[in-house]
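Okay, thanks for having me. I'll just put the structure up and walk you through a few spots on it.

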Amino acid sequence: KQVNPYQKPLALLERVLTCFAEPGSLVIDLTQGTGSLEVAALERSAPADLKFITVEKNKYQFREAQTRLLKVCVQPMEEAGLVPDKWWELGKQVLN
């Protein structure tokens, strides 16, 4: 689902991270949009242990980024039994 008209394909962003970021790098994303760069790093085989600083002024895109990152980070861990059920519920409350 594309909320941001400038949203990039995850495969392209993964390639950028693979080419330019080393494990443990700090990535500064001044135009976070809906969080595609962060999702690409988390879902795909980007270098390990990347740290992010992100900025987004559009509250709708920021909210979409929060939702996407919660799904990528918390939901798979919860399904594997690694995260208490409360965490996902707390994350959803933060978004409301």
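So, which residues make a nonpolar surface patch of about 480 Å²? That one is put together by L26, I28, L30, I53 and V55. Bear in mind that what you're looking at is a predicted model.

Let me stay with L26 for a moment. You'll find L26 in strand 1, which covers residues 26–29. Its relative accessibility is 51%, and the cut-off for exposed is over 50%, so L26 counts as exposed.

Now, zooming out. The chain has 4 helices and 2 strands, and if you read the elements from the N terminus you get α-β-α-β-α-α. There are 96 residues in the chain, and 36% of them count as buried.

Going along helix 2, the buried ones are S36, L37, E38, V39, A40 and A41.

The largest pocket comes out at a volume of about 330 Å³. It is lined by 17 residues, and those closest to its centre are N4, Y6, T31, Q32 and G33. What does the lining look like by class? For the largest pocket, we have 9 polar residues, plus 4 nonpolar and 4 charged ones.

That's my tour, happy to go back to any of those spots.

Terms used. Residues numbered from 1 in each chain as written. Predicted model: local features only at pLDDT ≥ 70, side-chain atom pairs only at ≥ 80, totals over all residues. Heavy atoms only, no water. Patch = residues over 30% accessible without salt bridge, like charges linked within 9 Å, V, L, I, M, F, W, Y side chains within 5 Å. Areas by Shrake-Rupley, 256 points an atom, 1.4 Å probe, with all protein chains shown as cover. Salt bridge = Lys/Arg side-chain N within 4 Å of Asp/Glu carboxyl O. Buried < 20%, exposed > 50% of the residue type's maximum accessible area, 1.4 Å probe, protein only. 1 Å grid on protein atoms, 1.4 Å probe; cavity = no way out; pocket = protein on both sides within 12 Å on 5 of 7 lines; lining within 4 Å. Points joined across faces, edges and corners; volume = space filled by probe spheres on them. Nonpolar A, V, L, I, M, F, W, Y, C, P; charged D, E, K, R; others polar.
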